[in-house]
Amino acid sequence: MNSKQILADSLEKLLMKKNLDNIQVSEIVAGTSLSRKTFYRHFKDKYDLANWYFAQFYEVTFGCITEGLTWEDALLCYLNICQEKYCVLKNAYASRDINGLRGYDIAATKKTYEKYLMIKGADINTETMRFAIDIAARGGTDMVIEWLLNGMKMEKSKLVCLLKQTLPNDILKYID
């Protein structure tokens, strides 16, 4: 196992118990056989590590819309991981830091939409499309975070359906 994954595993254990903002780098390192120096060789801070941790499952779930997985299936895979990692993500998303997971999630979702839409032949450089991508990335991310933080009471399939129905039309016409 590589150093990044070892540090991510330590962070995951800590996030099972407490909010990301309340975790110290020294605690993350203490849960490993690695040094603080090794931590900073790979990550600039705990938020950078949390974002890397998140990216590992984001790319193989919702990120797969750019590789042929349907929008609905990709989002459902992502929601399944969110459900599986509920405690960890709840404590990661509870962070109020500017570098927290929410901002990274929005940026990753925006990049995924841009890549997907370019593959589908959309001009992502128009003002209207840029705005639509921003709305989809911000709105969708915030609704999923709210679903997660409120205990995931809505059925995942219903959430997927509602998120798709409320996508901006400029994006929706490219979703298969």
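I started at Val144, which sits in helix H8. I took helices as DSSP runs (H or I, at least four residues), numbered from the N terminus. The model is predicted: local features need pLDDT of at least 70, side-chain atom pairs count only at pLDDT 80 or more, and totals for chains, interfaces and linings use all residues. Residues are numbered from 1 along each chain as its sequence is written, and side-chain values use heavy atoms, with hydrogens and water left out.

**Entry: Val144**

Is Val144 buried or exposed? I found it buried, at 7% relative accessibility. My cut-offs are under 20% relative accessible area for buried, over 50% for exposed, and partly exposed in between (1.4 Å probe, protein chains only). I then looked for partners of Val144, leaving aside its neighbours within four places in sequence. Val144 is in contact with Tyr78, Leu79 and Leu163. Contact here means heavy atoms within 4.5 Å. I also checked Val160, 16 residues from Val144 along the chain. Their C-alpha atoms are separated by 9.5 Å.

I compared its position with Pro168, 37 residues away in sequence. The C-alpha to C-alpha distance of Phe131 and Pro168 is 9.4 Å.

Next I went to the loop between helix H8 (127-149) and helix H9 (156-165), where I found Met152. Its phi is near 55 degrees, a positive value in a residue other than glycine. Met152 is buried, with a relative accessible area of 16%.

Ile119 belongs to helix H7 (residues 101-119). I read 52% relative accessibility for Ile119, which counts as exposed. Ile119 and Glu67 are 52 residues apart in sequence, yet 9.5 Å apart in space, C-alpha to C-alpha.

**Entry: aromatic pairs**

How many aromatic pairs does the structure hold? I noted 13. Rings of Phe, Tyr and Trp (its six-membered ring) pair if their centres lie within 6.5 Å. Planes under 30 degrees apart count as stacked, over 60 as edge-to-face and the rest as tilted.

I looked up Tyr53 and Phe57. Their ring centres are 5.8 Å apart and their planes stand at 80 degrees, so this pair is edge-to-face. Both residues lie in helix H4 (residues 46-58), 4 residues apart, about one turn of the helix. An α-helix has 3.6 residues a turn, so residues three or four places apart point the same way. Tyr53 and Phe57 are both buried.

Then I turned to Phe54 and Tyr93. Their ring centres are 6.4 Å apart with planes at 80 degrees, so I logged this pair as edge-to-face too. Phe54 is in helix H4 and Tyr93 is in helix H6 (residues 86-93), so the pair ties together parts that are 39 residues apart in sequence. Phe54 counts as buried at 0% relative accessibility. Tyr93 is buried as well, with a relative accessible area of 4%.

Which residues form one aromatic cluster? I listed Tyr53, Phe54, Phe57, Tyr58, Phe62, Trp71, Tyr78, Tyr93, Tyr104 and Tyr113.

**Entry: H5 against H6**

I looked at how helix H5 (residues 71-84) meets H6. Their axes come within 5 Å and cross at roughly 90 degrees. The axes are lines fitted to C-alpha atoms, for helices over the stretch in contact, and angles run from 0 to 180 degrees between N-to-C directions. That makes H5 roughly perpendicular to H6. The label covers 65 to 115 degrees; under 35 counts as roughly parallel, over 145 as roughly antiparallel, and the rest as oblique.

From H5, the contact is made by Tyr78, Cys82, Gln83 and Glu84; from H6, by Tyr86, Leu89 and Tyr93.

I checked burial in H6 next. Val88, Leu89, Asn91, Ala92 and Tyr93 are buried there. The buried residues of H6 pack against helix H1 (3-15), H4, H5, H7 and H8.

**Entry: the UniProt record**

UniProt, in an unreviewed entry, places the feature "domain: HTH tetR-type" at residues 1-61. I computed that span as 64% helix and 0% strand (strands being DSSP runs of E, at least two residues). Its end C-alpha atoms lie 22 Å apart.

The unreviewed UniProt entry also places the feature "DNA-binding region" at residues 24-43. There the chain is 65% helix and 0% strand, and the end C-alpha atoms are 13 Å apart. UniProt positions are given in the numbering used here, feature names are shortened, and annotations may be inferred rather than shown by experiment.
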